[in-house]
Amino acid sequence: MSKKVHDVVANGIYQVMTKIENQEDFDRDKALDELEFVYEKSRDISYDKIGEEKEFSKIVSDLIASFNSETVKTFTAGNSPAIWTPISATAKEEVYQMIRELMVNMKKHSHASHVAVKFEKINNRVDIQYKDNGIGISGDLIYKNGLRNTASRIEAINGTITFDTKIEKGLKVNLSFPAS
């Protein structure tokens, strides 16, 4: 339950706050709609309906783009609707929450100016590569709530997560899971 509250409520509110903070022409009604969405999700936290209202690739692209600002530019590649066709609603929900966790952590900690998220389907697996040019992670990874939740989410969909902290600058994270 705490994982759900963290992922749905806390990260959802943080995402809306980031949009408000980074938009010059702030759309009050749109922000209220997004907060209402978070409210409804928190009120009815046991129902997972992500991806049913509109195309999942669009939901993911919108999520990543919502972290754009004057100081941070986000890029998405390969996020086609075809990648998500064989993916279950449960797996989509887990992927959405993992990507949002990576983006929230980038905003809070990395000081990155560029973030790229690349999607590929290779041999019946979906591979997602997250890369930023921020400060990276020095030393060993510390699995606090967000990273612990991300690790348990990827395990729940029989996938793997790899953190490449040895790159020259920034952070690189690879997520991989079965497409069916």
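Mentor: Let's start with Glu24, which is exposed, with a relative accessible area of 72%. The labels work like this: buried means under 20% relative accessible area, exposed means over 50%, and partly exposed is in between (1.4 Å probe, protein chains only). The areas themselves come from the Shrake-Rupley method with a 1.4 Å probe, and for residues only the protein chains shown count as cover.

Keep in mind that this is a predicted model, where local features need pLDDT of at least 70 and side-chain atom pairs count only at pLDDT 80 or more, while totals for chains, interfaces and linings use all residues. Residues are numbered from 1 along each chain as its sequence is written, and side-chain values use heavy atoms, with hydrogens and water left out.

So where is Glu24? You'll find Glu24 in the loop between α1 (2–22) and α2 (28–43). Those element names come from DSSP runs, numbered from the N terminus: helices are H or I with at least four residues, strands are E with at least two.

Together with Asp25, Asp27, Asp29, Asp33, Glu36 and Glu70, Glu24 forms a negative surface patch. For a patch, residues need over 30% relative accessible area and no salt bridge; like charges are joined within 9 Å, and nonpolar side chains (Val, Leu, Ile, Met, Phe, Trp, Tyr) within 5 Å. Asp and Glu count as negative, Lys and Arg as positive, and His and the chain ends are not counted. The place of a charge is taken as NZ of Lys, CZ of Arg, CG of Asp or CD of Glu.

α1 and α2 each supply at least two residues of a nonpolar patch. That patch covers about 320 Å² and is made by Ile13, Met17, Leu32 and Leu35. One of them, Ile13, is in helix α1 and is partly exposed at 34% relative accessible area.

Side chains of opposite charge can pair when their charged atoms come close. A salt bridge, by the rule used here, is a side-chain nitrogen of Lys or Arg within 4 Å of a carboxyl oxygen of Asp or Glu. Lys19 and Glu34 make one, at 2.6 Å from N to O. Since Lys19 is in helix α1 and Glu34 in helix α2, the pair ties together parts that are 15 residues apart in sequence. Lys19 is buried, with a relative accessible area of 15%, and Glu34 counts as buried at 18%.

Thr18 is buried, at 2% relative accessibility. Not counting residues up to four places away in sequence, Thr18 touches Ser66, Phe67 and Lys107, where contact means heavy atoms within 4.5 Å.

Let's step back to the whole chain. There are six helices and five strands, and from the N terminus the order is α-α-α-β-α-α-β-β-α-β-β. The chain has 180 residues, and 43% of them count as buried. Among contacts between residues at least 6 apart in sequence, 67% join residues at least 24 apart.

How many salt bridges are there? The count comes to five. Another of them joins Lys58 and Asp62, with the closest N and O atoms 2.9 Å apart. Both residues lie in helix α3 (residues 56–65), four residues apart, about one turn of the helix. Lys58 is partly exposed at 43% relative accessibility, and Asp62 is partly exposed at 27%.

Then there's Glu94 with Arg153, where the closest N and O atoms are 2.1 Å apart. Glu94 lies in helix α5 (residues 89–110) and Arg153 in helix α6 (residues 145–156), so this pair ties together parts that are 59 residues apart in sequence. Both Glu94 and Arg153 are buried.

Helix α6 also holds Thr150, which is buried at 3% relative accessible area. Setting aside neighbours within four places in sequence, Thr150 is in contact with Met98, Glu101 and Ile161.

Finish with a strand: Phe75 lies in β1 (residues 73–77) and is partly exposed, at 44% relative accessible area. Beyond neighbours within four places in sequence, Phe75 is in contact with Ile64, His114, Val115, Ala116 and Val117.
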